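Let's take a friendly walk through a protein model, one meeting place at a time. Have the sequence and the 3D view ready beside you.

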Amino acid sequence: MFFLSLIEHTLRLPPHLLNLPLDQAIKGELETLFLDKVIANLGLCVSVYDIRNIDGGFIFPGDGASTFTVNFRLIMFRPFVGEVLSGEVEESDAKGLRLSLGFFKDITLPAHLLPNPSKFGEDGKWTWDFNGTELPIEKEDEIRFKVHSIRYPPIPVEQEKDAKPFAPMVITASIDFDGLGPISWWV
Amino acid sequence: MKILQTNAGALTNFEVLDFLRFRGASTDPTRVIANVAPSEFQVYDYLVQSAARNQTRESIDEFLTSCAKFDLAKAEKLNLINIRPSSAAEIDSIVENCEQRMGNEDEALVKMIIEMLPAPGKPEGIDEDPTEDVADQEAMEAVLPSSTKPGGTDEETVETVGDQDSVLTL
């Protein structure tokens, strides 16, 4: 689920941070820049793990701030295809379910990746018809799902007013295997 | 920004949890003073209610040395540590071609997991004997008729964390 990524970035350190020790100031700037943001193909940045190297400190002419080239590692949330994760149901509608991990809420579970004879009831819940036994997916269940694919859609240039907020990283999940779905189905 | 190495190492949930704890994250109200951002807290809250909360570095090391004989891929070992399955059906979704590769040994693997990795029983990781954890969890579930999981908080507000604690100390 989590990986470390080594990044090099040229950072401009604003002059009002000159009173702080260098590593603290740089860490603060990196956190403002990267924390909770999605980097394409790397995933969602969770935390700055460590700073490996700080280089530079040049002041360009006409500027009051110093520029550093920093090598650092970030903890990225990037599940691999086929990884099994556990999350909760956030929304449930005719097209499928949306799951959430607390810190990441853009996990879609489309209807075709639910175990085969599933149907959508009028109360808004999906139910799996397993050899005659009806197994519903309740809203408070902890769901185990397998990651089917991850997409990083490009940033839209324009959006209509009521469109859903843009999701820079979308995970498609599947529960069409033994052992997946609400834990209560298998325990 | 230049990406030097996309993958400089995989981290188990336990390692990320440990890192956040080391920075000062915790579930009690002193968390507001800690040097941890709100988005990091959301990750911490998620990890604290997963199987990682009771794990220790030693238990994970032990588990890795013992499962060497099962010939599992690195990703499968990572999944097993993060999810901590407690039955053979759950292993099937984690290990590919389970029938072919392991056949009858999957029960042995499940038993080993239950022994070595502590059960995600109580909220504030008390590292006791894992079988004792499972027994306590069953006793608690018998007493509490509600469907709340022991130690699992779904909301991220500090108030509900407080409520959950008071329910469990009964």
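The report below goes through the contact between the chains, then the domains, then the strands.

This is a predicted model, in which local features need pLDDT of at least 70 and side-chain atom pairs count only at pLDDT 80 or more, while totals for chains, interfaces and linings use all residues. Residues are numbered from 1 along each chain as its sequence is written, chains are lettered from A and ligands numbered from 1 in the order in which they are written, and side-chain values use heavy atoms, with hydrogens and water left out.

**Where the two chains meet**

Start with the contact between chain B and chain A, where contact means heavy atoms within 4.5 Å. Chain B brings 36 residues to it and chain A brings 41 residues. The size of an interface is often given as the accessible area lost when the parts come together. Here the buried area (the accessible area, with a 1.4 Å probe, that two parts lose on being put together, summed over both) is about 3,500 Å², and carbon and sulfur atoms give 58% of that.

How many residue pairs are in polar contact between chain B and chain A? The count is 11, with both residues at pLDDT 80 or more. A polar contact is a pair of N or O atoms within 3.5 Å; within protein, one must be able to donate a hydrogen and the other to accept it, and residues adjacent in sequence count only if both atoms are side-chain atoms.

Which elements of chain B give two or more residues to the side that touches chain A? They are strands E1 (2-5) and E2 (10-11), together with helices H1 (13-23), H2 (38-48), H4 (74-83) and H5 (88-94). These names come from DSSP runs numbered from the N terminus, with helices (H or I) of at least four residues and strands (E) of at least two. H2(B) gives the most, with six residues. By class, this side of chain B has 17 nonpolar, 11 polar and eight charged residues. Ala, Val, Leu, Ile, Met, Phe, Trp, Tyr, Cys and Pro count as nonpolar, Asp, Glu, Lys and Arg as charged, and the others, Gly among them, as polar.

Side chains of opposite charge can pair when their charged atoms come close. A salt bridge is a side-chain nitrogen of Lys or Arg within 4 Å of a carboxyl oxygen of Asp or Glu. Over all chains the count is eight salt bridges, and one is found across the interface of chain B and chain A. It joins Arg23(B) to Glu31(A), with the closest N and O atoms 3.4 Å apart. Glu31(A) also forms a salt bridge with Lys27(A), and there the closest N and O atoms are 3.9 Å apart. Because Glu31(A) and Lys27(A) are four residues apart in helix H1 (residues 22-34) of chain A, about one helical turn separates them.

**Two domains in chain A**

Domain bounds come from an automatic or database domain assignment, which gives chain A a domain 1 (2-77) and a domain 2 (83-185). Their C-alpha centres lie 35 Å apart. Nine residues of domain 1 and seven residues of domain 2 take part in the contact. The area buried between these domains of chain A is about 630 Å², with carbon and sulfur atoms giving 86%. Val38(A), Leu44(A) and Phe77(A) supply 67% of the area that domain 1 buries against domain 2, more than any other three residues. Between the two domains the count is zero salt bridges, and zero residue pairs are in polar contact (both at pLDDT 80 or more).

**Strands side by side**

Two strands pair if DSSP finds at least two bridges between them.

| Strands | Sense | Bridges |
|---|---|---|
| E6(A) and E7(A) | antiparallel | four bridges |
| E7(A) and E12(A) | parallel | two bridges |
| E5(A) and E11(A) | antiparallel | five bridges |
| E11(A) and E12(A) | antiparallel | five bridges |

In the hairpin of E6(A) and E7(A), six residues lie between the strands, and Gly102(A) takes a positive phi near 85°.
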